[in-house]
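User: Hi! I'm new to this, and I'd like a friendly tour of the structure below.

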Amino acid sequence: MANPNDSAVTNGILHNPKTQHGKTQSTDCGKNGISKEVQQNRNKHNGDKSVFEPYPEPPLYVFVFTYMGYGIGMLFGYLRDFMRNRGIEKCNAAIEREEQKDFVPLYQDFENFYKRNLYMRIRDSWNHTVCSAPAPCCSIMEKVTDDYNWTFRHTGRVFENVINMASYNYLGLAKEYDESMERVKDTLEKYGVGVASTRNEMGTLDIHKELEDLMAKFLNVEAVMIFGMGFATNSTNIPIFVGKGCLILSDEHNHSSIILGARLSGAVIRPFKHNNMQDLEKLLREAIISGQPRTGRAWKKILILVEGIYSMEGSIVNLSQIVALKKKYKAYLYIDEAHSIGCTGSTGRGIRELFGLAPEDIDIYMGTFTKSFAASGGYIAGKKETVDYVRMQSHSATYATSMSPVITAQIIRSLKIIMGYEGNFGGMQRIQKLRENIKYFRRRLIEMGFIIYGNDFSPVIPVLLYMPAKVSFWKLLINSVIY
């Protein structure tokens with residue numbers, strides 16, 4: 001999802017960087033790793049567009065029917081629970097054994113009410129078994145249930161050419177084998193599949209260093225360290241940056257990996273309203289004026305945690321204003337670019353490129369290779385001293401197995417295509433095509449009357465169904481494939 005018109009965003013407005021502030025931004029290949037092919041693919045900007053557009057509200061009757069739907073579902077849920085407790089209906093849910101009734105409960109009955117009585121009714125809409133590459137159309141195995149979605153069994157039948165609407169293969173680089181994967185095959189023959197060691201022992205390979213150097217060039221930062229799991233990149237590394245006596249200001253819609261990492265750190269966590277700069281500044285002021293609870297001492301460190309593109313809402317972080325607040329109040333900024341790196345910005349370099357900011361404006365970069373790069377794992381990037389500190393202190397570097405060399409080779413393949421080093425596979429064309437597809441898909445959904453979130457710069461397009469009975473619409477799509 002790129003901006004093919006070579007434009008950047010400041011204060012929520014898309015501008016041409018060639019005229020922004022009356023200066024010309026450099027496109028020197030030696031400084032940012034952009035190939036000549038990429039530079040030649042840049043076009044002139046045609047106009048300005050707001051990034052932060054308000055989301056539409058549904059009609060009143062939609063709210064009414066939605067609440068009614070959930071209300072009726074909960075009413076029948078309580079009725080069925082009553083019947084299960086009386087032995088009238090068989091209970092397939094996990095329950096405490098009779099001899100353990102006096103123990104600390106393993107299962108929270110009320111917390112599982114939704115899963116047991118509402119989610120279970122539409123559970124067949126998820127968890128399909130895919131038996132093909134995650135292309136625009138894929139193949140899935142038919143599954144049926146004999147106990148109302150508590151368990152499933154496969155029939156052996158395969159549905160072909162099912163439209164794939166659940167993948168984040170943004171640039172189409174997760175596909176069947178082709179000649180661009182020749183090096184991936186060679187890597188498998190040379191290194192094998194696994195490393196069988198951690199980064200701090202015998203698990204650092206020359207191909208790992210090659211990827212880190214190439215990624216640092218792509219991001220225009222001093223250093224990068226890669227990890228084998230994207231979720232763990234957040235959850236195991238955030239605790240090494242902050243601890244007791246520190247304050248974390250976290251967007252309320254941050255990913256669960258960020259939330260887990262913040263909780264493991266031992267720092268005080270204060271969430272701010274989603275993308276609300278007034279609320280963030282209020283918390284920053286209070287933190288500086290009041291200091292730590294009880295003692296009033298100044299916080300050792302204030303860390304702002306945000307995502308580039310929020311995976312559930314499809315919204316883009318208001319990065320320019322957050323950077324301004326960070327500088328004003330001397331805080332640190334950690335940004336998760338899992339859904340934006342590789343597909344956002346004019347050359348796929350993420351949210352910072354979209355906003356036209358300098359690399360040093362962000363203290364800690366985090367991202368994953370599971371989306372645009374069609375692989376797995378994650379990275380931490382920034383200044384060399386920061387990354388060197390991560391190499392020594394990261395729990396993943398000490399305890400987790402290193403990234404598979406085959407996965408590493410796949411990321412290098414994808415990265416070179418995006419950067420234009422593999423000219424035959426259309427890196428820039430993929431980014432531009434994604435941007436066009438996003439705009440077209442969003443426009444057609446709106447024309448059809450759907451309420452959607454996100455914006456034209458985000459590859460995440462949430463479609464709001466509201467009414468619970470509509471969630472099983474996938475069955476209509478499957479039937480259209482069958483018949």
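Analyst: Let's start with a term: helices (H or I, at least four residues) and strands (E, at least two) are DSSP runs, numbered from the N terminus. What you see is a predicted model, where local features need pLDDT of at least 70 and side-chain atom pairs count only at pLDDT 80 or more, while totals for chains, interfaces and linings use all residues. Residues are numbered from 1 along each chain as its sequence is written, and side-chain values use heavy atoms, leaving out hydrogens and water.

User: Got it. How far apart are Glu447 and Arg444 in helix α16?

Analyst: They sit three residues apart, which is about one helical turn. Their side chains form a salt bridge, with the closest N and O atoms 2.7 Å apart. That term means a side-chain nitrogen of Lys or Arg within 4 Å of a carboxyl oxygen of Asp or Glu.

User: How many salt bridges does the structure hold?

Analyst: There are 20 of them. Another one joins Lys185 to Glu182, with 3.5 Å between the closest N and O atoms. Both lie in helix α5 (residues 182-191), three residues apart, or about one turn of the helix. Lys185 is partly exposed because its relative accessibility is 36%, and Glu182 is partly exposed at 36%.

User: What about Asp456 and Arg442?

Analyst: Their side chains meet in a salt bridge of 3.1 Å, N to O. Asp456 belongs to the loop between β12 and β13 and Arg442 to helix α16 (residues 427-447), so this pair ties together parts 14 residues apart in sequence. Both Asp456 and Arg442 are buried. Elsewhere, salt bridges link Arg199, Lys209, Glu212, Lys384, Asp388 and Arg391 into a network.

User: Where does Asn455 lie?

Analyst: Asn455 is in the loop between β12 (451-452) and β13 (463-464). With a relative accessible area of 5%, Asn455 is buried. A polar atom of its side chain lies 2.9 Å from the backbone nitrogen of Phe457.

User: New topic! How many aromatic pairs are there?

Analyst: The count is nine aromatic pairs. Rings of Phe, Tyr and Trp (its six-membered ring) pair if their centres lie within 6.5 Å; planes under 30 degrees apart are stacked, over 60 edge-to-face, and the rest tilted. Take Phe63 and Tyr466: their ring centres are 6.4 Å apart and their planes are at 70 degrees, so this pair is edge-to-face. It links distant parts of the chain, since Phe63 is in helix α3 and Tyr466 is in the loop between β13 and α17 (474-482), 403 residues apart. Phe63 is partly exposed at 30% relative accessible area, and Tyr466 is partly exposed at 22%. Ring pairs also join Phe241, Tyr334 and Tyr389 into a cluster.

User: Which residues is Ile302 in contact with?

Analyst: Contact means heavy atoms within 4.5 Å. Leaving aside neighbours within four places in sequence, Ile302 touches Leu247, Leu249, Leu284, Ala287, Ile288, Ala331 and Tyr332. Ile302 is in strand β8 (residues 301-307), and its 8% relative accessibility is why it counts as buried. From Ile302 to Ile288 is 14 residues in sequence and 9.3 Å in space, C-alpha to C-alpha.

User: Which residues make the nonpolar surface patch?

Analyst: Leu60, Tyr61, Val64, Phe65, Met68, Ile72, Leu75, Phe76, Leu79 and Phe82 make this patch of about 1,000 Å². Patches are built from residues with over 30% relative accessible area and no salt bridge: like charges are joined within 9 Å, and nonpolar side chains (Val, Leu, Ile, Met, Phe, Trp, Tyr) within 5 Å. The areas come from the Shrake-Rupley method with a 1.4 Å probe; for residues, only the protein chains shown count as cover. Val64, for one, is in helix α3 (residues 60-85) and is partly exposed at 39%.

User: Lastly, how many helices and strands are in the protein chain?

Analyst: It has 17 helices and 13 strands. Of its 483 residues, 50% are buried. The chain exposes about 25,200 Å², and carbon and sulfur atoms supply 56% of that.

Note on methods: Buried < 20%, exposed > 50% of the residue type's maximum accessible area, 1.4 Å probe, protein only. Polar contact = N/O pair within 3.5 Å; in protein donor to acceptor, adjacent residues only side chain to side chain.
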